[in-house]
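Here is a short report on the structure shown below.

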Amino acid sequence: MAEPISVRIITPEEVLYEGRAAFLRMPGIEGEFGVFPGHQPMMTVVKTGELKIIEDHSEHYLFVSGGFVEVTPDSVVVLADVAERVENIDPKKVEEARARAQEALERNAGDQAAAAALERALFQMKLHEAQQHRRHSRDDLASHIQQPPMEQS
Amino acid sequence: MASLRDLRRRIKSVTSTEKITKAMELVAAAKVRRAQDRVLRARPYAEHLEQVIVDMIRRSQNLKHPYVTEPAGPRKLVILVTTDRGLCGALNSNTMRIVLQEMREHQELPWPVVAIGKKGRDMMHRLDRNVVAEVTGLGDRPHVTDILPAVHAAMEELEEGRVDEIDIAYAKFVSLGRQVATMKRLLPVDLPEDVEPLPSDFDYEPELEMLLEEILPRYAEAMAYQAVLENAASEQAAKMLAMRNASENANDLIKSLTLTANKVRQANITRELMDIVGGAAALEQ
């Protein structure tokens, strides 16, 4: 196997993840895309969704929303607007955020910030639930998350 | 000379004030460490973003964007970062002084202001300045999303050509004992000259110019956020020092008041003895 990629997930607040991965998958503007070591250098936009990092013997799931990713053959740097480890998602807070966003949307349907917040909250909820499932059944990890087919690049 | 009762009352009141300032000092000391930590943790984002931007700008020739072209004129907007609360020494007045000085030097300009923090906002309202946007009540853990509306309001002024430059003024955190009032350019981006280029042959998706359009505001936001975090650390450091001085002053005051009170007490005792002795002597005669 090729040398692992050095991965850094950075938000305006902190460096959320730093490590070496064999593979990672994230939501790009044209659907999900995966990165193996030796990837063509590129820079693109990150959407709202799940970022999966596979290390040698472990997997990490992060929620990301907005930002950029810079890929070189041996490194990936994600500069995310919002990011959180899935296991740290607090369902209560997410629910509150969802309710707030929904309320704002009912008052003003054109509120784009609220629409984005709602999308984030819904996605966080979904990832949190998927995480709960994973904790119970470790056999089939991917099947609990409904996602468009992965695009290889 | 004040009566003994008054002196005792003052000693009691100063003692309770000292207890409060001492407590505030300890709280600030605990908070300053965490605030410092937040500044450090937020640094990689801005640093990496800067590296990426510099590299992208180098790759894109003839890029015309109000965020990267040198300022076309002298009109500036100031993002004034101050604290929400007082009791932190001259921190806010130092920041406001350098801003007001700039304003006085170029009185003919409009000088719109975006205020982050109550103290600066109140000051600018008093001076009848044009406050375009304001954020207050950030607390000890400001989140980047809290300041975004204000930063966006400032960027809008620049994009629509009402100002040529955005500056940010805040108290830079140098050390526990030193905070420096700083005013620096936020936009257009002040590009450093010596940054290592990234590996070439990059695929940009969408194309470079569009990406840059997205990234530049992020950079300004990150820099503003950094300033807000530093200001928060400075606030706690300044508060710690101010409260320590207040506690020391209270201690000195208690000492001198106690001394006076003891003198008055002794004088009273002496007078009473004199009365008794005088009375006894009168009876004997």
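Chain A has two helices and eight strands. The order from the N terminus is β-β-β-β-β-β-β-β-α-α. This is a predicted model.

**Chain A overall**

Chain A has 153 residues, and 48% of them count as buried. Take the contacts in chain A with a separation of 6 or more: residues 24 or more positions apart account for 53% of them.

**Domains of chain B**

Chain B is divided into two parts. Domain 1 covers 4–20 + 243–284, and domain 2 covers 28–240. The centres of domain 1 and domain 2 of chain B, taken over C-alpha atoms, are separated by 54 Å.

**Nonpolar cores**

The largest nonpolar core holds 64 residues. Met43(A), Met56(B), Ile79(B) and Ile166(B) have the most contacts inside this core. Helix H5 (residues 208–284) of chain B gives the largest share of the core, 17 residues. There is also a second, separate core of 22 residues. Among its members are Leu16(A), Leu51(A), Val64(A) and Ala80(A).

What is Ile79(B) in contact with, leaving aside its neighbours within four places in sequence? The list is Val114(B), Ile116(B), Ala154(B), Ile166(B), Asp167(B), Ile168(B), Ala169(B) and Leu186(B). One of these partners, Ile166(B), is itself named among the core residues with the most contacts.

**The H2–H3 pair in chain B**

Helix H2 (residues 91–105) and helix H3 (residues 118–126) of chain B have axes that come within 10 Å. The axes cross at roughly 40°. The crossing of H2(B) and H3(B) is right-handed.

From H2(B), the residues that meet H3(B) are Asn92(B), Met96(B), Val99(B), Leu100(B) and Met103(B). From H3(B), the partners are Lys119(B), Gly120(B), Met123(B) and Met124(B). By type, the residues of this contact of H2(B) with H3(B) are six nonpolar, two polar and one charged.

Met96(B) is found in helix H2 of chain B. Not counting residues up to four places away in sequence, Met96(B) touches Leu80(B), Thr82(B), Lys119(B), Gly120(B) and Met123(B). Is Met96(B) buried or exposed? Met96(B) counts as buried because its relative accessibility is 8%, and the cut-off for buried is under 20%.

Gln226(B) lies in helix H5 of chain B. Its relative accessibility is 10%, so Gln226(B) counts as buried. Leaving aside neighbours within four places in sequence, Gln226(B) is in contact with Val39(B), Ala42(B), Arg43(B) and Ala46(B).

Arg141(B) is found in a loop of chain B, between strand S3 (131–135) and helix H4 (144–159). Arg141(B) counts as exposed because its relative accessibility is 65%, where exposed requires over 50%.

**Sequence and space**

Two residue pairs set separation along the chain beside C-alpha to C-alpha distance.

| Pair | Apart in sequence | C-alpha to C-alpha |
|---|---|---|
| Met96(B) and Leu148(B) | 52 residues | 22 Å |
| Arg141(B) and Arg34(B) | 107 residues | 9.3 Å |

How many residues lie along the chain from Arg141(B) to Arg34(B)? They are 107 residues apart along the chain, with their C-alpha atoms separated by 9.3 Å. Met96(B) and Leu148(B) are 52 residues apart in sequence and 22 Å apart in space.

Note on methods
Residues are numbered from 1 along each chain as its sequence is written. Chains are lettered from A and ligands numbered from 1 in the order in which they are written. This is a predicted model: local features need pLDDT of at least 70, side-chain atom pairs count only at pLDDT 80 or more; totals for chains, interfaces and linings use all residues. Side-chain values use heavy atoms; hydrogens and water are left out. A nonpolar core is a set of buried Ala, Val, Leu, Ile, Met, Phe, Trp, Tyr and Cys residues joined through side-chain atoms within 4.5 Å. Buried means under 20% relative accessible area, exposed over 50%, partly exposed in between (1.4 Å probe, protein chains only). Helices (H or I, at least four residues) and strands (E, at least two) are DSSP runs, numbered from the N terminus. Contact means heavy atoms within 4.5 Å. Axes are lines fitted to C-alpha atoms, for helices over the stretch in contact, and angles run from 0 to 180 degrees between N-to-C directions. A crossing is left-handed if the near helix is turned anticlockwise from the far one by less than a right angle, and right-handed if clockwise. Ala, Val, Leu, Ile, Met, Phe, Trp, Tyr, Cys and Pro count as nonpolar, Asp, Glu, Lys and Arg as charged, and the others, Gly among them, as polar. Domain bounds come from an automatic or database domain assignment.
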